[in-house]
Amino acid sequence: MVRSGTIKLHRKHHKSTQVHSIRWELEEGSLVVIGEGWMPDFTDDAPPPWEEWRDEIREVNLWNLRNVGARAFRNCPNLTDVYLDNSIERIGSECFSGCGALVRVVTPREKQQPLSAEGIAHRVDTLYCGRRAFAMTPWGLEKEGEFVIRNGTVLDYLGDGGK
């Protein structure tokens, strides 16, 4: 069964607000999200539209977005693979946390670094990851103190400090 929908996006551009939308489709365990602009952050009160099918999601493909919203794919127990295109600059906080089967994240970015204090990506070749973006996933288990390290790159900060 194919499930699909649209999310309205608001992106600040100079002094005006442009409204865009993203389309998503879930078919046979593969969730494809395509759009332009910024994906919104999600909360317990405002979950992502694929929330009720989290158990079905095994693969996520994200295309032509500037960011992946906070908590967008949190607690997807069967998610194993994530594919990001190079338009994505930021992965929001707790985005993939609790995805206990996640073993592969594929991105053309050369480097991945924690999100800056301002929440803004400053380098085109860097994918910034929000706090606890990959917490409690097999993919993000290499720890050194309060940091998660993958192949020598800092991916996540698990401490309580703000910077």
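Thr107 sits in the loop between β8 and β9, the latter being residues 111-114. Keep in mind that this is a predicted model. Is Thr107 buried or exposed? Its relative accessibility is 18%, and the cut-off for buried is under 20%, so Thr107 counts as buried. Thr107 and Tyr83 are 24 residues apart along the chain, and their C-alpha atoms are separated by 6.2 Å.

On to the rings. How many aromatic pairs does the count give? Six. Take Trp24 and Trp50. Their ring centres are 5.7 Å apart, with the planes at 75 degrees. Over 60 degrees counts as edge-to-face, so that is what this pair is. Where are the two residues? Trp24 is in strand β2, residues 16-27. Trp50 is in the loop between β3 (30-35) and β4 (59-63).

Next, Phe96 and Phe134. Here the ring centres are 5.5 Å apart and the planes sit at 10 degrees. Under 30 degrees counts as stacked, so this pair is stacked. Phe96 is in the loop between β7 (90-91) and β8 (104-106). Phe134 is in the loop between β10 (126-129) and β11 (143-144). The pair therefore ties together parts 38 residues apart in sequence. Phe96 and Phe134 are both buried.

Last point. Which residues do the ring pairs link into a cluster? Trp24, Phe42, Trp50, Trp53, Phe73, Phe96 and Phe134.

Notes:
Residues are numbered from 1 along each chain as its sequence is written. This is a predicted model: local features need pLDDT of at least 70, side-chain atom pairs count only at pLDDT 80 or more; totals for chains, interfaces and linings use all residues. Side-chain values use heavy atoms; hydrogens and water are left out. Rings of Phe, Tyr and Trp (its six-membered ring) pair if their centres lie within 6.5 Å; planes under 30 degrees apart count as stacked, over 60 as edge-to-face and the rest as tilted. Helices (H or I, at least four residues) and strands (E, at least two) are DSSP runs, numbered from the N terminus. Buried means under 20% relative accessible area, exposed over 50%, partly exposed in between (1.4 Å probe, protein chains only).
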